[in-house]
Amino acid sequence: MIDLLSYGAFFLTMALTYAVICLGLNLQWGQTGLFNVGVAGFVAVGAYVSSILTTPAIDGRLGGFDLPIVIGWLGGGLGAGFLCFLLGALTLRLRSDYLAIATFGAAVVIQLALLNLEGITGGPFGIGFIPRPFGTLAEQPGLFAAANLAVLIVLVLVCYLALQHLTRSPWGRVLRALREDEEAAKALGKDPVTYRLQAFAIGGFVMGLGGAAQAHFIGFIAPDNYLPTLTFQVWTMLIVGGSGNMRGAILGAILVWAIWALSGSLVASVFPPDQQARAASLQIVLIGVALCLVLLLRPYGILGEAGTLRAPLRRALRRTPNSLSEGQKTNV
Amino acid sequence: MTPDILRLKTLHAGYQPDLPIINGIDLTVRQGEFVVLLGPNGAGKSTLVKAIAGLVPIHSGLVFLKEENITHLPAHMKLHSGMTFVPQTENIFTQMSIRENLQISAQILPKQLRAERIEAMFAMFPDLAKRPSTRAGALSGGQRQMLAVARALITDPKLLILDEPSAGLSPMLVDEVFARISMINQTGITILLVEQNVRVGLNVASRGVILVEGKVAHDAPSDELKGDPVVAELYLGGGSEETAQ
Amino acid sequence: MTLQPLMDGLVNGSIIGLGAIGVTLTYSILRFANFAHGELLSWGAYLALTVSAALGALLPGLGTPIGPFSFGWSVPIAMIASMFLTGLVALTVDWLLFGRLRNAGSAQIILVMSSFGAALALRNLLEFIYTSSPAYFTTALQISRPVLPGLRATPDQLLVLVLAVVMVVAVHLLLTRSAAGRSMRAVSENPALASLAGIDTRAVIRMVWMLGAALAAVGGIMSGVVVQIRPTMGLDLLLPLFAASILGGIGSVPGAMLAGLMVGLAEAFTVQIIGAEWRAAVSFVILVAMLLLRPQGIFGKAAA
């Protein structure tokens, strides 16, 4: 009984770390319409910065500053947020898909850096002995699991309330106005790039925070945790929950993580060991197909239709079906 | 009585299904006519010609070109039926040469006719023939309009539809462009012209159709409209610029 | 410091360039960055591998190496077949996914996102069918021969260079001299006007997919001949492809090829000077530098 409960708490805690990451992505995509293909990279930055700040000193690697966990988490968030700011500043004045390309590239380079900068990241073996919140309770597994879950519940709540406050503030209203009618908002003297950049950086901060919390919950991190599959997972969570809908983002994270964990253990128990890698790739094929199906059939998400993306979608629908989008000149 | 070339039957059209801009238009244009579409801003003049050309969705109603139902024909097929449309802006390929602009539309002609038709256009617009390999983007405003019209005429259409060819041109160039269009009309090609300036439009065309809120408000020979006190009051009252507002 | 990275860079750059031409063409005509384009290189390589294996089994004589090269006639025949088959793969994805989104008037970024999902499905489908272990067209080893002092190359590598030049010249002539190329340029500049001028834009889109996919297949097969075939080869090439198409100026075919060569050379010299582990970062550095200094690309126009 205790085992089942503590597994439930473990599962839910893990799912809630994804919920935090998903909330960050929701601010970028659902609220602002910015396509981030490098989620795994920003989550990794959050996790590594926080780990370096909080682990005890160790020979042969930078850091081990032994700082309090809260400082680590904030540092992780700031690191990821700053990186998002730089990439946004580089691309947001250009074509909308340059941001996608740049974030994709950033994730590739971050993965390389994790592997190769052994003096900072520990290389392929990563970083271990990351302090866990309430580590003194580790002797009593039930209580320890409950305390961890409580920490994550509080973190999700704080992020949720803060983001809700933000989106309902005058700043959030400008963001919405930019989405619904960019020209009108521009006429009022609002520079769309500034607002989008701020939203992208804040979203990155939340994502980094989620990555940091996850690292401290698992206790050790390695580059393999931050492969592109992670990006796909988070995207699926957001799309399933309904982009633009914050409660949907949290629910989507829990739902997709449950499906992922269940199908993973199903694969492990049904397929012989030598076929498991193939079965896992089929699992990812299905995720890719599902993502496309949602875009084709339910562009507002499966669960929620909070509809913050409806306006741009409808504006896009207003165009002539036969003609392609206009407005950019190219030279062949 | 000359035969009909274009016939619209209770046409409803607009960019969005729930937001029609054209609200049931019936209109017949006869062969060889020169008809001008007039009306205040937002009356749907431009939307109407774009709907006929296949660029704006038609919700209900029918469009006939001669006896052929072209209501839902894709835009590129309408050229084959003998109808051609010159948009108001972005009506030439600026990255391509003058000759290439003409070659694009000549592609639908039989092979042996292509070179001959291109030469015919150069004869009609000698300005364009001077340097046919010039990039079209380097042309002046007036020359661009000439190239757009030449591109449209190369397939020898029965019906030429023009959306405000005078927009953005100096008064002297406007006169020249309209003189050209009249000349084209005299060769037997039917013209449907959208024009913002009511006085100028009625002077150049033989018949005027005034649209208001997506419906036909007046439809009469130009001379009759010019003499109509209601039209004069509403559309010809003050100067020629503000009246159309 | 030897000249050897020059050869490696040119060979790899040719492969990147062929892929980047496809990216730049679909980008300029369909107006979105296609994250699934890398997968067309992988699919091209695997489809050719399958055809060539089947040919080799049916007619063992086709497996005998041609002249100085490592492969027999089965590979060039399989390449022609694969160019066509990869085109069909691209057309199928367009029919199932991109075309439907276009008709629904979806925003550009929705298309980018769907290409991301398509890439995931296509790549893992390959991994499912062929597993993740590397495959080879032939097991024959080739000895590299000196070409210039300090510069050695295998006959296969030299063939890749020649083939890349032939393909680029052919595509360039197609685009600038033929009616089909004129139609593509017209749709690229102004799709609405192109349809008014009598061009069937859907036919042009199909043509662009066939062309882009065929070039991707050739690139993938070249990579398979000189290196190896893996399901992730397209994913690894994706960032270099994007970097090259932006560096070359979106829409410019000669630009994409030249930029591809530059990316390939930069990678090769990075491997030589800094180390192989940083190779994948080169494209990102080039990309960031371009977006900072000249976002329209070196061959693009300032107003683009």
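Predicted model: local features only at pLDDT ≥ 70, side-chain atom pairs only at ≥ 80, totals over all residues.
Student: Let's start in chain B. Are H3(B) and H4(B) parallel, perpendicular or oblique to each other?

Tutor: Residues 98-106 form H3 of chain B and residues 111-124 form H4 of chain B, and their axes come within 10 Å. The axes cross at roughly 130°. That angle makes the H3(B) to H4(B) arrangement oblique.

Student: And is that crossing left-handed or right-handed?

Tutor: For H3(B) and H4(B), the crossing is right-handed.

Student: How many charged residues sit in the contact of H3(B) with H4(B)?

Tutor: H3(B) brings B:Arg99, B:Leu102, B:Gln103 and B:Ala106. From H4(B) come B:Arg114, B:Arg117, B:Ile118 and B:Met121. Sorted by class, the contact has four nonpolar residues and one polar one, and the charged ones number three.

Student: Moving along chain B, what are the end C-alpha atoms of H6 doing: how many Å apart are they?

Tutor: H6 of chain B covers residues 141-153, which is 13 residues. At 1.5 Å a residue, the helix should span 18 Å. The model agrees with that, since the end C-alpha atoms are apart by 19 Å.

Student: Is H6(B) mostly covered or mostly open, and how many of its residues are buried?

Tutor: H6(B) is mostly covered. Its buried residues include B:Met146, B:Leu147 and B:Val149, and also B:Arg144 and B:Arg151. They pack against S6, H3, H4, H5, S7 and H7 of chain B. Out of 13 residues in H6(B), the buried count is ten.

Student: Now chain C. Is C:Leu265 buried, exposed or partly exposed?

Tutor: C:Leu265 lies in H10 of chain C, residues 253-273. Leaving aside neighbours within four places in sequence, C:Leu265 is in contact with C:Gly9, C:Leu10 and C:Gly13. Burial would take 20 or more other C-beta atoms within 10 Å, and exposure 12 or fewer. C:Leu265 has 18, so it counts as partly exposed.

Student: How far apart in space are C:Leu265 and C:Pro134?

Tutor: In sequence, C:Leu265 and C:Pro134 are 131 residues apart. C-alpha to C-alpha, their separation in space is 25 Å.

Student: Last one: which helix gives the largest share of the side of chain A that touches chain C?

Tutor: The contact takes 49 residues from chain A and 61 residues from chain C. On the chain A side, H3, H4, H12 and H13 each supply at least two residues. By class, that side has 31 nonpolar, 13 polar and five charged residues. The largest share, 13 residues, comes from H12(A).

Conventions
Residues numbered from 1 in each chain as written. Chains lettered and ligands numbered in written order. Axes fitted to C-alpha atoms, helices over the stretch in contact; angles between N-to-C directions. Helix = DSSP H or I, 4+ residues; strand = E, 2+ residues; numbered from the N terminus. Parallel < 35°, antiparallel > 145°, perpendicular 65-115°, else oblique. Left-handed = near helix turned anticlockwise from the far one by under 90°. Contact = placed C-beta atoms within 7 Å. Nonpolar A, V, L, I, M, F, W, Y, C, P; charged D, E, K, R; others polar. Expected span 1.5 Å × (residues − 1).
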